[in-house]
Amino acid sequence: MKKSYKKLLAISFAASIISGESLACASGCGVFNVGTSSLMPSGQGGIAFLQYDYINQGQNWSKTKDSNGHNHDERINTQTVTAGMQYMFNRDWGAAIRVPYVTRYVKTMNHDDSISTTRHSDIGDVRINGIYSGFFDDMSTGITFGLKLPTGQTKAQSLNRNTQIGSGSTDTILGFYHRGNFGAESKMGYFLQSSWERPFIRSNGYTPGYEVSSAIGTYYNVGEVAFAKKVTPIVQFTNTKKGQDTGWADPSHNPNSGYNFVYFAPGVEITINDFKLYADVEFPVYRNVNGNQLVPQNLYKVILGYNF
């Protein structure tokens with residue numbers, strides 16, 4: 001794998017909490033934070049990036065199929081812009097930070113059958129990670145570890161507890177990644193990655209469920225195309241499994257939380273000098289949820305990075 005490709009991936013392990021009756025991704029969705037074969041360290045230096053994620057939840061779902069069950073939330077639209085930076089101090093150790101800004105629109109049916117809508121924007125839960133990539137000389141395998149901090153808003157009066165911007169919890173983060181080529185001179189390669197996040201300090205009687213997000217994918221280095229130094233199509237599958245929420249703050253919603261999602265996510269990475277542009281669209285393959293929850297159809301992600 002050439003050095004210009006390897007710069008993008010390790011920071012993507014910081015999986016976010018997806019909580020609540022309607023899967024309202026509190027400060028971002030974990031499925032957005034794996035499967036980004038862009039942010040993988042290859043040597044000393046850093047990358048600064050902006051990431052845009054979009055999720056539109058409007059389909060009521062129970063177990064593995066469409067449901068006519070009651071759900072007072074009719075639509076939840078979440079847009080997240082994350083500013084991040086990763087820096088490798090040497091070939092073994094590095095650090096990363098992600099600061100999300102979340103805008104959430106919620107459409108709700110009230111008990112009198114009237115409709116109310118609300119829109120709220122705020123800083124989400126910040127994630128700080130350490131990176132260790134010293135297992136092999138080529139830095140092909142590494143681990144990430146860190147914390148999700150309770151910086152996101154949890155008391156917006158216009159939002160229910162399960163649709164707040166922040167989870168309110170402090171979480172541990174642990175992840176790993178591995179990449180390789182199909183032959184020494186091959187333009188094709190593969191990557192594996194996974195991230196586990198679990199709250200260990202809860203807030204105001206509410207604890208989001210644990211979350212495990214994983215991805216497996218392959219790519220092909222097309223090489224130089226027009227003004228682009230390199231174009232790399234990527235094909236991958238992502239999986240996110242979340243446990244049920246617990247606590248007394250929102251007990252009626254706890255049974256309607258937790259799920260297992262599998263997405264097919266084709267994408268592309270374009271390198272132009274020190275800039276990298278990555279984009280993918282994730283299509284649902286398998287969705288299994290507890291109770292009745294709003295689920296999205298496609299998920300969208302775009303990253304613009306600058307190597308320094």
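The structure is a predicted model, in which local features need pLDDT of at least 70, side-chain atom pairs count only at pLDDT 80 or more, and totals for chains, interfaces and linings use all residues. Residues are numbered from 1 along each chain as its sequence is written, and side-chain values use heavy atoms, with hydrogens and water left out.

**Strand pairing around β4**

Helices (H or I, at least four residues) and strands (E, at least two) are DSSP runs, numbered from the N terminus. Two strands pair if DSSP finds at least two bridges between them.

- Strand β4 covers residues 93–109 and pairs with strand β3, residues 73–88, in the antiparallel sense over 15 bridges.
- In this pairing, Gly84 is found opposite Arg98 of β4.
- A hairpin is formed by β3 and β4, with 4 residues between them.
- Strand β5, residues 115–123, also pairs with β4 in the antiparallel sense, over 9 bridges.
- Here Tyr101 faces Ile123 in β5.
- β4 and β5 make a hairpin as well, with 5 residues between them, and Asp113 in its turn has a positive phi of about 70 degrees.
- Strand β6, residues 127–132, runs antiparallel to β4 and is joined to it by 6 bridges.
- Ala96 has Asn129 of β6 opposite it.

Side chains of opposite charge can pair when their charged atoms come close. For accessibility, buried means under 20% relative accessible area, exposed over 50%, and partly exposed in between (1.4 Å probe, protein chains only).

- Lys107 counts as partly exposed, at 30% relative accessibility, and Glu74 is partly exposed at 28%.
- Asp125 is in the loop between β5 and β6 and Lys148 is in strand β7, residues 141–148, so the pair links parts that are 23 residues apart in sequence.
- Both Asp125 and Lys148 are buried.
- Asp280 and Lys301 are both buried.
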